[in-house]
Amino acid sequence: MLTPEENDILTRVGSDKPMGQLMRQHWTPVCLIEEVLEKDGKPLLVEVLGERYVAFRDSDGKVGLLDELCPHRRASLVYGRNEECGLRCLYHGWKMDVDGNIVAMSSEPEGSPLMNKVTHRAYPTREWGGFVWAWLGEKEQVPAFDPPAFAPTEDTRVSILKIRVPANWAQIHEGQIDSAHSSSLHSSDMKPARVEGASADEKAWYRPSTDKAPRMQTETTSYGFHYAAIRKPIKNAQTHHYLRITEFVAPYYSLIPPNNNYKVASVIVPISDEETAFHFIAWGGPNVPSTEEWRRFNHSVPGEDVDHKWRSKRTLENDFLQDREAMKNGSFTGVPGIPNQDIIMWVSMGPIVDRTNDVLGASDLAIVEFRRLMVDAARQVADGGPAIGTKEPRVVQSRIASREGVYPKDVDWRTLVDTKEMLAAE
């Protein structure tokens with residue numbers, strides 16, 4: 001459990017809060033590329049880390065991210081005209097380019113010196129791995145963009161689902177790094193089978209273990225931590241372990257152990273203290289499903305399962321459309337789709353879970369590590385130190401990888417994810 005002060009440090013992401021300051025020292029995935037795909041298309045409201053921005057793709061195909069409100073009279077630019085390489089405010093016709101330069105002032109006399117005196121706050125962006133990433137920190141301290149582990153190259157195939165969840169970012173991260181819950185909550189979709197390693201088809205995921213009580217071991221890294229969930233395998237249980245090694249890359253994503261067809265990741269970005277953009281990703285591997293296939297497999301299809309703002313149609317108010325008859329007939333949760341099952345748990349905790357009185361057990365070792373790590377990391381930033389994962393020599397994110405498989409008991413899982421070979425050249 002945490003103290004009230006520690007819980008506040010962990011969960012609050014405003015620009016004046018230690019965790020918010022930590023996050024602003026990293027490139028932040030602010031929206032999906034598909035949301036701003038069209039040149040001169042509809043501007044997009046971007047809500048992230050408790051702030052509001054507007055994103056747009058200009059006539060030349062460049063993506064801009066600006067503060068939402070026009071610098072003139074503070075009207076929203078989300079409703080502006082995206083035309084001729086700039087975003088024009090409807091109120092008085094002031095127009096800004098992707099760099100925040102004011103390129104037109106319809107309401108001012110021709111030749112007005114005001115145009116050369118005013119700029120609008122713009123943020124550096126980078127398109128990569130299905131996301132638009134932005135630097136929301138100090139504009140004088142923009143670091144090089146380090147490709148994430150789930151998109152090591154610009155042409156890496158990724159399929160992403162997105163759901164806007166009314167819950168704090170930290171309880172969602174805790175759910176994603178919690179390997180123990182999958183044997184219960186997702187037991188209808190992650191099935192024990194006599195397979196050599198984790199596998200998947202269009203119906204379910206399969207694992208070579210029936211063990212619901214894994215032993216947990218963790219190891220802190222410079223970028224976060226990794227841990228092993230150690231289970232008894234179905235075959236050769238006397239001589240082997242079934243290992244599932246998860247990577248948490250602070251502050252935004254986790255690498256979940258892969259299956260035989262594709263790798264899995266989750267990207268979790270705070271919208272505010274009480275709402276989060278959750279992304280579940282299939283990538284790499286020989287048979288990555290298409291985006292449409294991935295969203296359908298997970299019952300998160302826009303227009304069917306989520307609305308046009310990515311909010312799930314399963315809510316607390318409608319009991320998440322839980323089907324009790326399906327539960328009687330074999331469904332463990334009565335809700336289809338792995339993310340939807342997780343969301344019930346996250347949302348049912350309340351917008352910000354009270355960690356001062358929860359009871360943790362042996363299977364919660366990764367949860368304990370996450371809380372300790374991130375509270376300490378936020379305090380370090382508050383004291384003027386560097387954010388976790390930014391100190392040199394850094395680990396190259398694209399070299400980080402989760403693992404799973406059946407291994408002899410004398411194999412130390414840490415040797416499978418040794419970070420020494422991941423260090424960036426100084």
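The elements α3 (169–176), β14 (205–207), β17 and α7 (338–348) each put at least two residues into the lining of the largest cavity. Helices here are DSSP runs of H or I with at least four residues, strands are runs of E with at least two, and both are numbered from the N terminus. This is a predicted model, so to speak: local features need pLDDT of at least 70, side-chain atom pairs count only at pLDDT 80 or more, and totals for chains, interfaces and linings use all residues. Residues are numbered from 1 along each chain as its sequence is written, and side-chain values use heavy atoms, with hydrogens and water left out.

**The cavity**

A search of the whole structure turns up 1 cavity of 30 Å³ or more. On a 1 Å grid over the protein atoms alone, a cavity is a set of points where a 1.4 Å probe fits but cannot get out; a pocket is an open set with protein on both sides within 12 Å along at least five of seven lines; and lining residues have an atom within 4 Å of a point. Volumes are the space filled by probe spheres set on the points, with grid points joined across faces, edges and corners. The largest cavity has 24 lining residues, and Met190, Trp205, Arg207, Arg244 and Ile256 are the closest to its centre. Strand β14 gives the largest share of that lining, with 3 residues.

**The pockets**

Now for the open spaces. The largest pocket has Arg24, Gln25, His26, Trp27 and Trp135 nearest its centre, and strand β3 (residues 51–57) supplies the largest share of the lining, 3 residues. In the second largest pocket, which has a volume of about 750 Å³, the residues closest to the centre are Glu35, Leu44, Leu45, His308 and Lys309. Several elements give two or more residues to this second lining, among them β1 (28–32), β11 (158–165), β19 (263–272) and β20 (275–283). The most comes from β2, with 5 residues.

For the classes, Ala, Val, Leu, Ile, Met, Phe, Trp, Tyr, Cys and Pro count as nonpolar, Asp, Glu, Lys and Arg as charged, and the others, Gly among them, as polar.

| Space | Volume | Lining by class |
|---|---|---|
| Largest pocket | about 960 Å³ | 18 nonpolar, 11 polar, 13 charged residues |
| Second largest pocket | about 750 Å³ | 19 nonpolar, 5 polar, 12 charged residues |
| Largest cavity | about 280 Å³ | 12 nonpolar, 8 polar, 4 charged residues |

**The annotated stretch and its sheets**

An unreviewed UniProt entry carries the annotation "domain: Rieske" for residues 27–134; such positions are given in the numbering used here, feature names are shortened, and annotations may be inferred rather than shown by experiment. The end C-alpha atoms of residues 27–134 are 6 Å apart, and the span is 0% helix and 38% strand.

Two strands count as paired if DSSP finds at least two bridges between them.

Another open sheet has 4 strands, ordered β5-β6-β7-β8 with antiparallel pairing. Its edge strands, β5 and β8 (102–105), have a single partner strand each, so one side of each is left without a neighbour in the sheet. Strand β7 (residues 94–96) pairs with β8 over 3 bridges in the antiparallel sense, and Met96 stands opposite Ile102 in β8.

Most residues other than glycine have a negative phi, and most peptide bonds are trans. Cys85 has a positive phi, near 60 degrees, and is found in the loop between β5 (81–82) and β6 (87–88). The peptide bond from Ala250 to Pro251 is cis, with omega near -5 degrees; Pro251 is in the loop between β17 and β18 (253–256). Glu392 and Pro393 are also joined by a cis peptide bond, with omega about -5 degrees, and Pro393 lies in the loop between α8 (365–382) and β21 (403–408).

The structure holds 24 salt bridges, each a side-chain nitrogen of Lys or Arg within 4 Å of a carboxyl oxygen of Asp or Glu. In one of them, the side chains of Lys235 and Glu196 meet at 2.5 Å, N to O. Lys235 lies in the loop between β16 (224–231) and β17 (240–249) and Glu196 in the loop between β12 (190–192) and β13 (199–200), so the pair ties together parts that are 39 residues apart in sequence.
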